[in-house]
Amino acid sequence: MTILDLFGLKQKGQKISAVSCYDYTTARLVGRAGVDMILVGDSAAQILLGYDSTLPATMDLMVALTAAVRRGAPNVCLAADMPFLSYQTSIASAVSNAGRFVAQAGAQIVKIEATAAHLDVIKAVSDAGMSVMAHIGIRPQSITKLGQLKAEGTTAELAYELIELSKAMVKAGANSLLLEGTAREVAKIVAEKTPVPVISCGSGPDCDGQILVISDILGLSDGPMPKFSRRFADLDKAVVQAVGDYAQQIRSGKFPDDTQCYHIKPGELDKLKRMLASTNR
Ligand code: KIV
């Protein structure tokens with residue numbers, strides 16, 4: 001899958017399925033499930049590392065995770081999330097950080113949480129030859145500035161601003177959009193008015209595709225999930241059951257049994273016993 005395939009799906013009116021995931025093993029399964037796009041999101045800071053925001057994600061962490069996901073899912077369209085402060089300090093560092101995802105980790109798209117203040121960054125990264133996904137609507141990296149994250153585009157004025165912003169992003173060079181936590185009616189207008197694929201994260205079913213984080217899909221998240229999310233399995237229960245059974249079988253002596261053992265070569269045990277007996281004499 002490439003960015004062109006995502007455009008093709010939009011043109012055909014076929015919905016794009018995307019998952020935010022962060023490791024080799026899960027990416028293998030997500031790839032086998034036939035998902036169109038994987039995003040290595042900076043939500044890794046929360047889901048993998050247990051922080052309460054995405055802010056602690058670093059370039060080195062994100063590049064290592066993206067490369068791991070690429071190894072696990074070589075044929076899926078791969079997007080990588082530019083973490084906090086990887087694109088805000090200068091255009092030059094934004095371009096070189098974006099380039100690390102493409103050159104060192106095999107990403108095909110870099111995602112940038114963007115306001116109008118970042119249009120020059122979007123343009124520079126795009127001009128450098130990279131596919132840029134502009135992430136607008138709720139932008140979790142702004143949590144400390146905003147104090148709380150709340151639905152976007154909920155008044156006519158805010159909606160108009162967001163629609164104009166989406167056009168500006170595409171004009172600057174974004175060739176896909178991620179629309180987070182935006183009023184459904186507004187997201188529909190953005191998707192209709194925009195020539196590029198628009199992926200919704202909590203912005204309703206009228207966008208060109210949907211993304212959720214893997215831990216929500218699998219039922220591995222702790223605490224309350226966002227209103228827009230949905231569990232498609234209860235793997236938390238399955239994991240607790242499996243690991244509990246494992247611990248129980250260790251305690252009861254049922255694990256391991258002989259089928260999990262390596263053995264000394266035939267005849268070598270007697271030889272070893274003789275060696276031990278002679279040295280113990
Ligand atoms: O970081 C992330 O995983 C994301 C998605 C939830 C869109 O930005």
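This is a predicted model: local features need pLDDT of at least 70, side-chain atom pairs count only at pLDDT 80 or more; totals for chains, interfaces and linings use all residues.

Guide: Residues are numbered from 1 along each chain as its sequence is written, and side-chain values use heavy atoms, with hydrogens and water left out.

Visitor: Which residues are around the ligand?

Guide: A residue is near a molecule if one of its heavy atoms lies within 4 Å of it. Here the residues around the ligand include Ser 20, Asp 42, Lys 111, His 135 and Cys 201.

Visitor: Which polar side chains lie by an oxygen atom of the ligand?

Guide: A polar contact is a pair of N or O atoms within 3.5 Å. An N or O atom in the side chain of Ser 20 is 2.6 Å from a ligand oxygen, a polar side-chain atom of Ser 43 lies 2.5 Å from an oxygen atom of the ligand, and for Asp 81 the corresponding distance is 3.3 Å. By the Shrake-Rupley method with a 1.4 Å probe, the protein covers 93% of the 260 Å² of accessible area that the ligand has on its own.

Visitor: What does the domain assignment give?

Guide: Domain bounds come from an automatic or database domain assignment. For this protein the assignment gives domain 1 (3-233) and domain 2 (239-279), and their centres, taken over C-alpha atoms, are separated by 48 Å.

Visitor: Where is the cis peptide bond?

Guide: The cis bond joins Phe 255 and Pro 256, with omega about -5°. Helices are DSSP runs (H or I, at least four residues), numbered from the N terminus, and Pro 256 is found in the loop between α11 (235-252) and α12 (268-280).

Conventions:
A polar contact is a pair of N or O atoms within 3.5 Å; within protein, one must be able to donate a hydrogen and the other to accept it, and residues adjacent in sequence count only if both atoms are side-chain atoms. Helices (H or I, at least four residues) and strands (E, at least two) are DSSP runs, numbered from the N terminus.
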